[in-house]
Amino acid sequence: MSGMGGYVLMFTVICALWRATDGAAWAAPLSSETTMYGTRPVTTQYCEWEGHKMMIGSSWKTTACVTCSCSENGLYCYSHGVYAPIPGCQLLVDETCAVQFVDSSDPWQACGYNSAITG
């Protein structure tokens, strides 16, 4: 395959992979504040997350399974994708944000499919 056909195939593969990653991601620039120490101004940069000042170099995961990090480039956060319901199965998310499908009638039994379904 050469020429235009190769580009069409590559574009199709990229679109398929992109569609399979339906999570959410967002970014925000650094915030800064200047404090006067005598006559000397000192500027501090930080990331702002839900009204909190987060230090550059820090990272965290929320109870809603959103993972964030603060760097010199600003705030970057992401969460996992959207899960479609499977008939007869329940979706469980544990405290580490691991996802598992279990049988609706017996939550100790795994469903036949234990991977994320996006869409």
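Colleague: What should I keep in mind about the model and its numbering?
Modeller: This is a predicted model, where local features need pLDDT of at least 70, side-chain atom pairs count only at pLDDT 80 or more, and totals for chains, interfaces and linings use all residues. Residues are numbered from 1 along each chain as its sequence is written, and side-chain values use heavy atoms, with hydrogens and water left out.

Colleague: Thanks! What makes up the secondary structure of the chain?
Modeller: The chain has 1 helix and 9 strands. Both kinds are DSSP runs numbered from the N terminus: helices are H or I with at least four residues, and strands are E with at least two. Along the sequence, the pattern reads α-β-β-β-β-β-β-β-β-β.

Colleague: Why is the link between cysteine 47 and cysteine 70 called a disulfide?
Modeller: A disulfide is a pair of cysteine sulfur atoms within 2.5 Å. For cysteine 47 and cysteine 70, the S to S value is 2.1 Å, so the pair meets that cut-off. The structure holds 4 disulfides.

Colleague: Which hand does the link of cysteine 47 and cysteine 70 have, and what does the pair tie together?
Modeller: The link of cysteine 47 and cysteine 70 is right-handed, with 85 degrees about the S-S bond. Cysteine 47 sits in strand 3 (residues 40–49) and cysteine 70 in strand 6 (residues 66–71), so the pair ties together parts that are 23 residues apart in sequence.

Colleague: What about cysteine 65 and cysteine 97?
Modeller: They are joined by a disulfide too, with S to S at 2.1 Å. The link of cysteine 65 and cysteine 97 is left-handed, with -95 degrees about the S-S bond. Cysteine 65 lies in the loop between strand 5 (59–61) and strand 6, while cysteine 97 lies in the loop between strand 8 (89–93) and strand 9 (99–103), so this pair ties together parts that are 32 residues apart in sequence.

Colleague: How do you know whether cysteine 65 and cysteine 97 are buried or exposed?
Modeller: We use relative accessible area: buried means under 20%, exposed means over 50%, and partly exposed lies in between (1.4 Å probe, protein chains only). Cysteine 65 has 10% relative accessibility, so it counts as buried. Cysteine 97 has 13%, so cysteine 97 counts as buried as well.

Colleague: Which pattern do the disulfides of the chain follow?
Modeller: Counting bonded cysteines along the chain, the pattern is 1-4, 2-7, 3-5, 6-8.

Colleague: What makes strand 2 and strand 3 partners?
Modeller: Two strands pair if DSSP finds at least two bridges between them. Strand 2 and strand 3 run antiparallel and are joined by 7 bridges, so they qualify as a pair. One place to look is serine 31, which stands opposite tyrosine 46 in strand 3.

Colleague: Which strands form the open sheet, and why are some of them at the edges?
Modeller: The open sheet has 3 strands in the order 2-3-4, with antiparallel pairing. Strand 2 (31–37) and strand 4 (52–54) each have a single partner strand, so one side of each is left without a neighbour in the sheet.

Colleague: Why is the pair of tryptophan 49 and tryptophan 60 called tilted?
Modeller: Rings of Phe, Tyr and Trp (its six-membered ring) pair if their centres lie within 6.5 Å; planes under 30 degrees apart count as stacked, over 60 as edge-to-face and the rest as tilted. The centres of the tryptophan 49 and tryptophan 60 rings are 6.2 Å apart and the planes are at 55 degrees, so the pair is tilted. Tryptophan 49 lies in strand 3 and tryptophan 60 in strand 5, so the pair ties together parts that are 11 residues apart in sequence. Tryptophan 49, at 13% relative accessibility, counts as buried, and tryptophan 60, at 16%, is buried too.

Colleague: How many aromatic pairs does a search of the whole structure find?
Modeller: The search finds 2 aromatic pairs. Tyrosine 76 and tyrosine 78 form a tilted one, at 6.0 Å centre to centre and 35 degrees between the planes. Tyrosine 76 counts as partly exposed at 41% relative accessibility, and tyrosine 78 is partly exposed at 39%.
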